[in-house]
Amino acid sequence: MATEAQSEGEVPARECSRSDAICNFVICNDSSLRSQPVIFNPDFFVEKLRHEKPEVFTELVVSNITRLIDLPGTELAQLMGEVDLKLPGGAGPASGFFRSLMSLKRKEKEVIFGSPLTEEGIAQIYQLIEYLHKNLRVEGLFRVPGNSVRQQILRDALNNGTDIDLESGEFHSNDVATLLKMFLGELPEPLLTHKHFHVHLKIADLMQFDDKGNKTNVPDKERQIEALQLLFLILPPPNRNLLKLLLDLLYQTAKKQDKNKMSAYNLALMFAPHVLWPKNVTANDLQENITKLNNGMTFMIKHSQKLFKAPAYIRECARLHYLGSRTQASKDDLDLTASCHTRSFQLARSQKRNRVDSCSQQEETQQRTEEALRELFQHVHNMPESAKKKQLIKQFNKHSGTQTPGREPATPRVQKRVRSRSFSGLIKRKVLGNQMISEKKNECPTPESVAFGELKGASKENMNLLFSGSPAVMVTPTRLKLPEGKKEGKKA
């Protein structure tokens, strides 16, 4: 008993420590708020941008949709709401007008069935969804119809806004499931709206490409998920909220298909007409598009847990719109260039430091090697005279590449100094050896004579400026003369 009590006491302590650790990640000056649970929404800036700047948000999302899907001008205008949808069944605008008029009248009466979707209507319908989550094992759920009398009682109660006790046993799960489908079927437009109809058809055609760039028949699931994520972002908020609740319910229902016999495809057949199909059309009007719509609904049910997350690049753009806007506005290209130069300078400095470190390591290694050889040679030298000692000393002397430790280090080779090519050195060499070179090589011009010829063409002012401080040399524009005393000494 003591151990059980102790273990029961340790569990709350662990939970408290975990909660404290989570709360410590949040910097908060108010100590009373640190005990509150912290909820982090990764799409916070996405929702903020959609609420505060809907035009900027829509342009951002639509530009990325057109990057994934090729939308002609008419279909793009339909997506933006600039052009009305041309229904496949040829239903004119009159029928749509009368339908919307009737829905507005129902909305004025505060009736949720047949009225445009609102948050209040979703709150009423959520009672049905919550009840169905508890009864997913019923066989034929959403396929078997319920009792019409009980459904009318439920319908009236929901229209009146009264709370319903579905747990009393008065209603069956099939009654609730059928009423949910009825609510979706009486909406003025499908849950995914008329504007998005053609885009969903294009998403169903997203296929993979082979190595040669040819289109295959294998669906590109990653691109389809990304396109649906973007498309759901520009849905009206009530439609998006109800769609999330509905797809999560259908996903959980398909997971229990071994009990209820309702797979994702079977559920798609039940709900595609209410979620995707345009109003006032039949199966004959859609023709070949029925397969695409049913497969698209099946895909949404299977991947519903991934579709309501904004793509990472949308999150980053929304975050930079708020957090990075001031920084980007205050920094110009010069700051960017300076930062680039700073990075390159730091990189060059680190590379230079690495080279110096490697050279110092090589020098240390070489010193250690020389010390080891010197000790080895000293050990051999202290050995008594024998044939083995002579052989080892001979081997030391044999390897010319390695210096024998006992000898004096060789004199380092002095690098030959490059001959100066300055004007003063050139003039001095010319003055001292001009006669000898002229006597031996009159016919062959030398580089010195060429340079001296160029020097003769210089102005008098420049020459006087160069040699004004040298009393041993007198320069004229035409020739160079030695002093008289040195001239006689040269002749002697």
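**Close-up views of a predicted model**

**View 1. Lys48 forms a salt bridge with Glu52, with 2.8 Å between the closest N and O atoms.** The model shown here and in every view below is predicted. Both residues belong to helix H2, which spans residues 44-52. They sit four residues apart, about one turn of the helix. Lys48 has a relative accessibility of 26%, so Lys48 counts as partly exposed. Glu52 is also partly exposed, because its relative accessible area is 43%. Side chains of opposite charge can pair when their charged atoms come close.

**View 2. A salt bridge joins the side chains of Glu75 and Lys202.** The N to O distance is 3.0 Å. Glu75 lies in helix H4 (residues 73-79) and Lys202 lies in helix H9, so the pair ties together parts that are 127 residues apart in sequence. Glu75 is buried, at 18% relative accessible area. Lys202 is partly exposed, at 24%.

**View 3. Asp220 and Arg223 meet through their side chains in a salt bridge.** Here the N to O distance is 3.8 Å. Asp220 is buried, with 14% relative accessibility. Arg223 is partly exposed, with 23%.

**View 4. A patch of positive charge gathers on the surface.** Its members are Lys221, Lys302, Lys306 and Lys309. Lys306 is found in the loop between helix H15 (289-302) and helix H16 (312-323). The relative accessibility of Lys306 is 45%, so this residue counts as partly exposed.

**View 5. The side chain of His194 meets the backbone of Lys279.** A polar atom of the His194 side chain lies 3.3 Å from the backbone nitrogen of Lys279. His194 is found in the loop between helix H8 (173-185) and helix H9 (197-204). Is His194 buried or exposed? At 18% relative accessibility, His194 counts as buried, because the cut-off for buried is under 20%.

**View 6. Thr193 has a positive phi.** The angle is near 65 degrees, in a residue other than glycine. Thr193 is placed in the loop between H8 and H9. With a relative accessible area of 4%, Thr193 is buried. Most residues other than glycine have a negative phi.

**View 7. Phe142 also shows a positive phi in a residue other than glycine.** What is the phi of Phe142? The value is near 75 degrees. Phe142 lies in the loop between helix H6 (119-133) and helix H7 (148-160). Its relative accessibility is 1%, so Phe142 counts as buried.

**View 8. Ala254 and Leu136 are 8.9 Å apart in space, C-alpha to C-alpha.** In sequence, the two residues are 118 residues apart. Ala254 lies in helix H11, residues 237-255. At 12% relative accessibility, Ala254 counts as buried.

Terms used
Residues numbered from 1 in each chain as written. Predicted model: local features only at pLDDT ≥ 70, side-chain atom pairs only at ≥ 80, totals over all residues. Heavy atoms only, no water. Patch = residues over 30% accessible without salt bridge, like charges linked within 9 Å, V, L, I, M, F, W, Y side chains within 5 Å. Areas by Shrake-Rupley, 256 points an atom, 1.4 Å probe, with all protein chains shown as cover. Salt bridge = Lys/Arg side-chain N within 4 Å of Asp/Glu carboxyl O. Lys, Arg positive; Asp, Glu negative; His and termini not counted. Charge placed at Lys NZ, Arg CZ, Asp CG, Glu CD. Helix = DSSP H or I, 4+ residues; strand = E, 2+ residues; numbered from the N terminus. Buried < 20%, exposed > 50% of the residue type's maximum accessible area, 1.4 Å probe, protein only. Polar contact = N/O pair within 3.5 Å; in protein donor to acceptor, adjacent residues only side chain to side chain.
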